[in-house]
Amino acid sequence: MKERDEERITKLLQSALPPVSADAEPGRDLWPALLRRLDAKTVAVPWFDWALGGALMVFLALTPSTIPLLLYYL
Amino acid sequence: MSTHPHLRAYIAGLFIPSLVLPVMLFGGFLVRSMLQDPFPFERGLIFPLAFVPLLWGLWNLLWLCTHERTRLPISLHGALLPLLLLPMGTCVATWLGILSLGNTGATWFHNVFVPYAWIAPCYCAAIVGYYLIWKYVVGFLNRVLGIA
């Protein structure tokens, strides 16, 4: 019973999936495009981080006496 | 790049303190040479030189060992480090006599007076700085060294 089910499922899967042809490769070489994409990848800084960095700079500019303390704890 | 990930994590964590410390040394000696009343700069170096790089390296190592379980981003993990550094640094500074606690504020290096009202904003600034540094610098180094 179990073997018959397996055969039936195999036949169903084979009939549902199209056969892979011999020339199934893409029409062009994708590797150079992937390399270009990796090279062009830049770090996108979200606005929240810009705001945090700006607030930190403003704080340090307003209270320069705290800079040695922050460096001490760095 | 698949070997010794713990060593690479420790080295990536050490990177920022090892860059900042020479600048800090130079700036400190320069400021002290200009001041009439020189502050005890050498004693103040013990914590940044001995503890901070070690803790940064170990903190990055801890992230490597735990992030698969905790899923905590490295930025938030780094932002937690001041919670450890501040009490440690304060204890060491008090013990070495470079921090004196007064009624209205604390005095570092016998010269830098910070009112207690400023401690919380300073702490927030440290957490923000750590968040950004760990997110963009340590995270980048971890990716470069193949551990993130």
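In the predicted model, helix α5(B) buries Leu81(B), Pro82(B), Leu85(B), Gly89(B) and Ala93(B). These residues cover an arc of only 75 degrees around the axis, and therefore lie on the same side of α5(B). An α-helix has 3.6 residues a turn, so residues three or four places apart point the same way. The face turned away from the buried side of α5(B) carries Leu83(B), Leu84(B), Pro87(B), Cys91(B) and Trp95(B), which are exposed. The helix comprises 16 residues, and the distance from its first C-alpha to its last is 22 Å, close to the 22 Å expected at 1.5 Å a residue. Just after α5(B), Gly97(B) adopts a positive phi of about 80 degrees.

The packing partners of the buried residues of α5(B) come from both chains: α4 of chain A, together with α3, α4, β1, β2 and α6 of chain B. The largest nonpolar core likewise draws on the two chains. Two or more residues are contributed to this core by α4 (67–73) of chain A and by α1 (5–34), α3 (46–70), α4 (74–79), α5 (81–96) and α6 (119–144) of chain B. The core contains 31 residues, of which Tyr73(A), Trp108(B), Tyr130(B), Trp134(B) and Val138(B) touch the most other members. For Trp134(B), the contacts beyond four places in sequence are with Ile74(B), Ser75(B), His77(B), Gly78(B), Ala79(B) and Gly139(B).

Another of these core residues, Trp108(B), has Val112(B) in β3(B) as its bridge partner. Strand β2 (residues 105–108) of chain B pairs with β3(B) in the antiparallel sense, over four bridges. Both strands belong to an open three-stranded sheet of chain B with the order β1-β2-β3 and antiparallel pairing. The edges are formed by β1 (99–101) and β3 (112–115) of chain B; each has a single partner strand, so one side of each is left without a neighbour in the sheet. On average, and with direction ignored, neighbouring strands of this sheet are turned by 20 degrees against each other.

Helix α1 of chain A presents another setting. Of the 15 residues of α1(A), the number buried is zero, so this helix lies largely in the open. The helix runs over residues 2–16 of chain A, and its end C-alpha atoms are 21 Å apart, in agreement with the 21 Å that its 15 residues should span at 1.5 Å a residue.

Methods:
Residues numbered from 1 in each chain as written. Chains lettered and ligands numbered in written order. Predicted model: local features only at pLDDT ≥ 70, side-chain atom pairs only at ≥ 80, totals over all residues. Core = buried A, V, L, I, M, F, W, Y, C linked by C-beta atoms within 7 Å. Buried ≥ 20, exposed ≤ 12 C-beta atoms within 10 Å, placed from the backbone. Contact = placed C-beta atoms within 7 Å. Expected span 1.5 Å × (residues − 1). Pairing = 2+ DSSP bridges. Axes fitted to C-alpha atoms, helices over the stretch in contact; angles between N-to-C directions. Arc of directions from axis to C-beta.
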